[in-house]
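The following note sets out a few points for a colleague reading this entry. Please consider them alongside the sequence and the coordinates.

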Amino acid sequence: MINEVIKDIQHRMHGAIEALHREFKTLRTGRANAGMLDGIMVDYYGTPTPIGQVASLKVPEASLIVAEPWDKSMVSAVEKAIRISDLGLNPATDGKVIRIPIPQLTEERRKELVKRAHHMSEEARTAIRQVRRDGNDKLKKMLKEHEISEDDERHALDEIQKMTDKHIDEVGSILKSKEVDIMAV
């Protein structure tokens, strides 16, 4: 019973880390990365659709992403979605493919992105702490209903705290790595 609670907590904390990785992919670092377009939604015949589902994305060089919509009538919709995103990109099209040059980031924009990265990592930390709180509440309920002993609860609470500390430290190291990536010229 306790093992199920621990496994669930482990899984949910790992999920928070994975979500942070996905969010960090959308942050621009000055190098072309198709993942930075993941958050862009294209109006596909009235339905908001992720850009990766309406176009193939390629990175032919370090400062360029090429988007090629499968449906050629969607070229302008894809271009518009990229232009209005908060990534600050200026796509150009030739009617068939969309070339998205990735300009060098200004110092001000880099600092802005670092702030955003800090905010994202704080959300991940909060999610991890919420998972810990849920786990602790489950253990307290199990103790109250005499499903586990006080010793079992104490050991499980210690294990949950160790997992929390480990995952919070991991968020810190992921953030540090992303900061270096953003600030690198």
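1. Rings of Phe, Tyr and Trp (for Trp, the six-membered ring) are taken to pair if their centres lie within 6.5 Å. The model discussed here is predicted, and the structure holds one aromatic pair. The ring centres of Tyr 44 and Tyr 45 are 4.9 Å apart and the ring planes stand at 70 degrees, so this pair is edge-to-face; the cut-off for that class is over 60 degrees.

2. The two tyrosines may also be described by their accessibility. Tyr 44 has a relative accessibility of 32% and therefore counts as partly exposed. Tyr 45, at 57% relative accessibility, counts as exposed.

3. Turning to helix packing, helix α3 spans residues 107-144 and helix α4 spans residues 150-183. The two helices pack at an angle of about 170 degrees, and their axes are 10 Å apart. That angle makes α3 roughly antiparallel to α4, a description applied to angles over 145 degrees.

4. What is the make-up of the contact of α3 with α4 in nonpolar, polar and charged residues? The residues of this contact comprise 15 nonpolar, eight polar and ten charged.

5. Is Asn 136 buried or exposed? Its relative accessible area is 17%, so Asn 136 is buried, the cut-off being under 20%. Leaving aside residues up to four places away in sequence, Asn 136 touches Leu 157 and Ile 160.

Notes. Residues are numbered from 1 along each chain as its sequence is written. This is a predicted model: local features need pLDDT of at least 70, side-chain atom pairs count only at pLDDT 80 or more; totals for chains, interfaces and linings use all residues. Side-chain values use heavy atoms; hydrogens and water are left out. Axes are lines fitted to C-alpha atoms, for helices over the stretch in contact, and angles run from 0 to 180 degrees between N-to-C directions. Helices (H or I, at least four residues) and strands (E, at least two) are DSSP runs, numbered from the N terminus. Angles under 35 degrees count as roughly parallel, over 145 as roughly antiparallel, 65 to 115 as roughly perpendicular and the rest as oblique. Ala, Val, Leu, Ile, Met, Phe, Trp, Tyr, Cys and Pro count as nonpolar, Asp, Glu, Lys and Arg as charged, and the others, Gly among them, as polar. Buried means under 20% relative accessible area, exposed over 50%, partly exposed in between (1.4 Å probe, protein chains only). Contact means heavy atoms within 4.5 Å. Rings of Phe, Tyr and Trp (its six-membered ring) pair if their centres lie within 6.5 Å; planes under 30 degrees apart count as stacked, over 60 as edge-to-face and the rest as tilted.
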